[in-house]
Amino acid sequence: MLHGILIKYVVNLNLREFIRDRDVSALAKAAKDDPELFDDRLWFPSIREGGLEVCRLLVAAGVSPHQTRYDRTPLHMAAFEGNSDIVQWLIEQSVDPNVK
């Protein structure tokens, strides 16, 4: 069991590195190979470091832009970070700005 946890941890570090590097092709391959790795925990690093193309890839990989397990939504985070292109795109995705 510990081995499986360590492998998932290393894979998540790789995903975060791909996000930081804005390596959309590596992220797309990872999403195709192991879609379970893509969840709402990737929104915040994607918004902070990945940019719009990475956020688009999250939605294409099946990650909902509407809600997260945290107190803030991707829209809240994008607005807080000042990422107006991501804010605009999320609104175009029909994300509710009033969700709390």
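Predicted model: local features only at pLDDT ≥ 70, side-chain atom pairs only at ≥ 80, totals over all residues.
Reader: Which residues other than glycine take a positive phi?

Author: Arg-22 is one of them, with phi near 55°. Ser-94 is another, with phi near 65°.

Reader: Where is Arg-22 found?

Author: In the loop between α1, residues 2-20, and α2.

Reader: Buried or exposed, and why?

Author: Arg-22 is exposed, because its relative accessible area is 51% and the cut-off for exposed is over 50%.

Reader: And what is the place of Ser-94?

Author: The segment after α6, which spans 84-92. Ser-94 is exposed as well, with a relative accessible area of 59%.

Reader: Let's step back. How many helices and strands does the protein chain have?

Author: Six helices and zero strands. From the N terminus on, the order reads α-α-α-α-α-α.

Reader: How much of the chain is buried?

Author: Buried residues make up 37% of the 100 residues.

Reader: Now α3. How many of its eight residues are buried?

Author: Six, so helix α3, residues 43-50, is mostly covered.

Reader: Which ones are they?

Author: Trp-43, Phe-44, Pro-45, Ser-46, Ile-47 and Gly-50.

Reader: Tell me about Gly-50. What is its relative accessible area?

Author: It is 4%, so Gly-50 counts as buried. The cut-off for buried is under 20%.

Reader: What does Gly-50 touch, beyond residues up to four places away in sequence?

Author: Ile-19, Arg-22 and Pro-45.

Reader: Arg-22 again. How far apart are Gly-50 and Arg-22?

Author: They are 28 residues apart in sequence. In space they are 5.1 Å apart, C-alpha to C-alpha. Gly-50 is buried, whereas Arg-22 is exposed.

Reader: Next, helix packing. At what angle do α2 and α4 pack?

Author: About 10°, with the axes 10 Å apart. Here α2 covers residues 24-33 and α4 covers residues 52-60.

Reader: What does that angle say about their directions?

Author: The two helices are roughly parallel, because angles under 35 degrees count that way.

Reader: Which residues meet there?

Author: From α2, Val-24, Leu-27 and Ala-28. From α4, Glu-53, Val-54 and Leu-57.

Reader: Which residues of α4 are buried?

Author: Leu-52, Val-54, Cys-55, Leu-57 and Leu-58. Val-54 and Leu-57 also belong to the contact with α2.

Reader: Moving on. Where does Val-63 lie?

Author: In the loop between α4 and α5.

Reader: What is Val-63 in contact with, leaving aside neighbours within four places in sequence?

Author: Phe-38, Asp-39, Asp-40, Trp-43 and Leu-58. Trp-43 is one of the buried residues of α3, and Leu-58 is one of those of α4.

Reader: How far apart are Val-63 and Trp-43?

Author: 20 residues in sequence, and 8.6 Å in space from C-alpha to C-alpha.

Reader: And Thr-73, where is that?

Author: Thr-73 lies in the loop between α4 and α5, the latter being 74-81. Thr-73 counts as buried, because its relative accessibility is 1%.

Reader: What does Thr-73 touch, not counting residues up to four places away in sequence?

Author: Phe-44, His-66, Gln-67 and Val-99. Phe-44 is among the buried residues of α3.

Reader: Which residue lies over the face of Phe-80?

Author: Arg-72, at 5.2 Å from the ring centre.

Methods
Residues numbered from 1 in each chain as written. Heavy atoms only, no water. Axes fitted to C-alpha atoms, helices over the stretch in contact; angles between N-to-C directions. Helix = DSSP H or I, 4+ residues; strand = E, 2+ residues; numbered from the N terminus. Parallel < 35°, antiparallel > 145°, perpendicular 65-115°, else oblique. Contact = heavy atoms within 4.5 Å. Buried < 20%, exposed > 50% of the residue type's maximum accessible area, 1.4 Å probe, protein only. Lys NZ or Arg CZ within 6 Å of the ring centre and 35° of its normal.
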